[in-house]
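Please work through the two exercises below with the sequence and structure at hand. Each task is followed by a stepwise solution.

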Amino acid sequence: MSELTIEIDVLRYRPEMDNEPFTQTFEVPYTAEMSILEALQYIKDHLDSTVSFRWSCRMAICGSCGLMVNSVPKLGCKAFLRDYYPQKISLEPLANFPIERDLVVVMDDFIKKLEEIKPYIIPEKEKCLSEGTYQQTPEQMAKFKQFSMCINCGLCYAACPQYALDNKFTGPAALALLARYNRDSRDNGEAERMKIVNQEEGVWGCTFVGYCSVVCPKDVDPAAAIQLLKVESSKDYLIGMFKPD
Amino acid sequence: MSKTTEKTYKRSHEPVFWGLFGAGGMLTAFLTPVMILITGLLIPLGIIDQHYFSYEKIHGFATTWYGSVIVLVLVALPFWHTLHRIFHALHDIGINRGRDWQQVICYGFAFAVSVFVFTLLLQMLTAPSLFGF
Amino acid sequence: MSKRKPYIRELPRDWWMKQLFYTKYMIREGSSVLITLYSLILAWGVFRLSQGETAFNGWLEALQNPFAIILHLLMLILALYHTITWFSLAPKAVDLWIKGKKLDDKVIVAAHYGAFAVLTIFCLLIITL
């Protein structure tokens, strides 16, 4: 068993010495239960300690280890060598983001977009602590729960050609998060957020490719969130025609 | 609260085109296959006899008020669907020059054909029929 | 001094040919070119209809051309592709809740196919009336 190996191509980029990325091939011992992330850890521990990649929880909760596995956005901890063996695996940093170093990307734009959509509950009026909690029924929670499962891994941005073509587009995860707050019964910030939605760079940058929902490791379905927001934006447009703000 | 300069947001007019796109897409998804099957294959191949699609029959239908509306919708609405897709596909394949003009040409084309068909139907509806009756 | 030098990868122009999913998306979008052509043929038919019986029969005759038949076959295939993709994505734009539960995607897709079958048969029947 321990004799089996698998070849892994890693796209390397060292900003202090390289002008552009290059591919380095490693041979890693293969076992059926080994994840891509574990393979990378093996490379770092035993073959080349200079390889950089992000990781933390190892169980698809932290959203740190996103990368391109054979050009498909995946979490390293949730993709397994057995699904590729005996073929060679190619690992590249998440597409559509600038490369910081090796498999590490610059996610600043993504984080900025998450912040811009006002991802917090905006209540109708601030309640005093003594007045108790904001309550919600399970049915009210069901309306947004799916869209709240995002772990900010960025796979959907790597899957989105519209973001690749024009990174002014707000993008899948941020719009799904926006839908999550707009659909929350405790929230009253819809009017503020619809201004973001209604823009060209809001939902209208989306052409419903649908790949974001395919690659999402948490089944958030950002494509659905965006389609529902398009319907809301259209209603808002009609209302705006009769009642300009 | 500190006074931060609120970002200005610009509303897109896309809902107008998206609405027409959606309506056209719905129609195209449900009816275009059977329409192609009838007018493009079954009638020309004689599987459905041509007298079911004769001039008298079609003209008679297109010159009723409801018939003309149906014909207009069936013929013109798909353009608003397809030209919307073509407009966005141009961006997808990297043709970024003159997006404004691309938009005018794409939706202008859909509009022009719609007006063309509308005018023909109106003319048939109002003009005394040359044949029949 | 910072050693940071983020590397930006250019999106290749043929990005949609490098991934099957994107290629299928482009075929979906591209189906609209042939559907436009079909709608133009129909619009032409309306024009010929307005010109009288001879003109309309000429239009019908032109459709019997083997080239026209092949073209219509191709258009039918792409129109059906549009239908399939449209129906498969339809549940994402539907937000129907019954007794606190979201309507199952499969039900929405099945309802679309059901309506499609009914409409197709209805059209075939009505034309032969």
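The model is predicted: local features need pLDDT of at least 70, side-chain atom pairs count only at pLDDT 80 or more, and totals for chains, interfaces and linings use all residues. Residues are numbered from 1 along each chain as its sequence is written, chains are lettered from A in the order in which they are written, and side-chain values use heavy atoms, without hydrogens and water.

**Exercise 1.** Describe the interface of chain C and chain A.

Step 1. In contact (heavy atoms within 4.5 Å) are 22 residues of chain C and 44 residues of chain A.

Step 2. The two chains bury about 2,600 Å², with 58% of it on carbon and sulfur atoms; buried area is the accessible area (1.4 Å probe) lost by two parts on being put together, summed over both. On the chain C side, Tyr7(C), Arg9(C) and Lys92(C) lose the most area to chain A, together 27% of what that side buries.

Step 3. Three salt bridges are counted between these chains, a salt bridge being a side-chain nitrogen of Lys or Arg within 4 Å of a carboxyl oxygen of Asp or Glu. Lys92(C) forms a salt bridge with Asp221(A) through their side chains, at 3.0 Å from N to O.

**Exercise 2.** Which residues lie nearest the centre of the largest pocket?

Step 1. The lining comprises 35 residues, and nearest the centre are Asn96(A), Ala164(A), Glu10(C), Leu11(C) and Pro12(C).

Note on methods: 1 Å grid on protein atoms, 1.4 Å probe; cavity = no way out; pocket = protein on both sides within 12 Å on 5 of 7 lines; lining within 4 Å.
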